[in-house]
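Please look through the structure shown below before reading on.

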Amino acid sequence: MNGGHLQALLFMLNRPEPIRQSSLLMVLATGIGHAPSLMAGLKALSEESSAPWSSKVEQLRHLLAQGQTLSEALTIATGLLPEQSVVAIRVAEQAGSLKQVLADEAHRLMQSETQGNAVQPGFAMTITWLSVIALQTFLIVNFIMVFIIPKFKAIFEGFGVELPGLTILLISLSDWFMSYWYILLLPGVCVAGYVLFMTLKGSLKRLQYGHVMWSEHFPRFWTPLILRLLSITVTAEKSLGDGVHAILTELQPGRAARALSGVRQRINAGSDCWQSLCDQGFLNRRELAFLESSARTRHLDWGLLHLARSVEHRRGRWLTLIGQVLQPVIVLAIGLIVGFIVIALFLPLIKMLNDLS
């Protein structure tokens with residue numbers, strides 16, 4: 001099951017996924033500033049589907065009708081929008097450009113659905129497939145080592161065949177496996193099972209809520225979001241330090257948040273924002289030069305958005321490339337293991353048949 005199939009399943013189950021989330025964002029964007037239109041749009045959106053999506057949208061409508069801000073309502077009615085979209089909405093409320101950000105996020109989600117909807121979920125599915133293959137290979141090799149090789153060893157000893165080096169090595173490995181199989185089997189199954197479970201769980205969570213496992217520990221993961229939100233800050237003619245502070249309050253605790261906190265401290269001390277982002281690992285040297293050039297030509301807001309899209313596009317290509325490389329590497333490794341076992345078993349059989357003939 002690839003990312004597209006998972007999204008189709010979520011759509012059938014009335015769960016959050018890019019098409020629904022994009023529609024909700026467009027309703028919010030068109031209704032901001034005109035409460036009756038917003039309430040009518042949310043009511044129509046909730047009526048066109050069934051629970052649990054409709055009940056979540058209805059909850060959001062009631063919270064907004066009670067006077068809650070959009071970010072506060074989304075905090076209570078969790079799971080409607082991806083994590084990064086909620087962060088963008090909070091910062092946009094402070095910058096006063098909520099309508100534009102809602103439309104931009106709707107466009108971004110729809111674009112991810114139509115142009116590259118399965119890049120990260122597809123990568124997760126690749127890891128899941130590799131985990132299943134690796135687990136099956138591990139169990140089969142253990143079975144051969146523990147149950148098959150000892151029987152071949154008895155046959156070879158009975159015929160008094162002189163064994164080649166590869167076969168002796170295989171028998172030695174089999175003897176070791178028979179003595180310590182429990183040391184490998186239980187940890188191996190547990191690790192493979194854990195990786196498989198966490199990958200599937202993370203893939204579903206990514207599709208539903210936009211959260212990526214362990215993303216809080218990788219500053220580079222947040223670069224596109226930070227650039228988009230700083231573009232909002234620049235467009236609203238707000239202080240970059242205030243924009244970084246607003247973003248920082250929304251990040252989950254981790255290495256990324258600590259790095260962004262370092263950026264804020266440097267900006268408050270008078271350092272350049274883009275240089276600080278580069279020093280903390282959010283930008284590389286080429287991206288730094290691009291933003292400095294955009295600032296000199298007074299196109300910084302456009303430059304930030306363009307760079308955010310570029311970073312996301314490169315990330316998608318790298319994930320695709322890694323997935324394409326991992327599959328043949330794992331298959332090749334499995335082929336080498338199987339080939340070693342087959343050759344080590346059949347060399348003495350060939351010699352024994354030659355001797356008998």
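L260 is in contact (heavy atoms within 4.5 Å) with I226, V244, I247, L248, L251, L277 and F282, leaving aside residues up to four places away in sequence. This is a predicted model, in which local features need pLDDT of at least 70 and side-chain atom pairs count only at pLDDT 80 or more, while totals for chains, interfaces and linings use all residues. Residues are numbered from 1 along each chain as its sequence is written, and side-chain values use heavy atoms, with hydrogens and water left out.

A nonpolar core is a set of buried Ala, Val, Leu, Ile, Met, Phe, Trp, Tyr and Cys residues joined through side-chain atoms within 4.5 Å, where buried means under 20% relative accessible area, exposed over 50% and partly exposed in between, with a 1.4 Å probe and protein chains only. The largest such core has 64 residues, and among these L42, L260 and L277 touch the most other members. Helix α6 (residues 83–95) gives the most to this core, contributing seven residues; helices here are DSSP runs of H or I with at least four residues, numbered from the N terminus.

## Helix α10

Of the 13 residues of α10, 11 are buried, so the helix is largely enclosed by the rest of the structure. Among the buried ones are T223, I226, R228 and T233. The expected span of a helix is 1.5 Å times one less than its number of residues, and for α10 (residues 223–235) this gives 18 Å, which agrees with the 18 Å between its end C-alpha atoms. After α10 comes E237, whose phi is positive, near 60 degrees.

## Aromatic pairs and cysteines

Rings of Phe, Tyr and Trp (its six-membered ring) pair if their centres lie within 6.5 Å, and planes under 30 degrees apart count as stacked, over 60 as edge-to-face and the rest as tilted. The structure holds two such pairs.

| Pair | Centre to centre | Between the planes | Kind |
|---|---|---|---|
| F221 and W222 | 5.3 Å | 85 degrees | edge-to-face |
| F290 and W302 | 6.3 Å | 50 degrees | tilted |

Because F290 lies in helix α14 (residues 285–296) and W302 in helix α15 (residues 300–356), their pair ties together parts that are 12 residues apart in sequence. F290 is partly exposed at 26% relative accessible area, whereas F221 is buried at 11% and W222 is buried at 2%.

With a disulfide taken as a pair of cysteine sulfur atoms within 2.5 Å, the count is zero. C273 is buried at 4% relative accessibility, and C278 is buried at 11%.

How values were computed. Helices (H or I, at least four residues) and strands (E, at least two) are DSSP runs, numbered from the N terminus.
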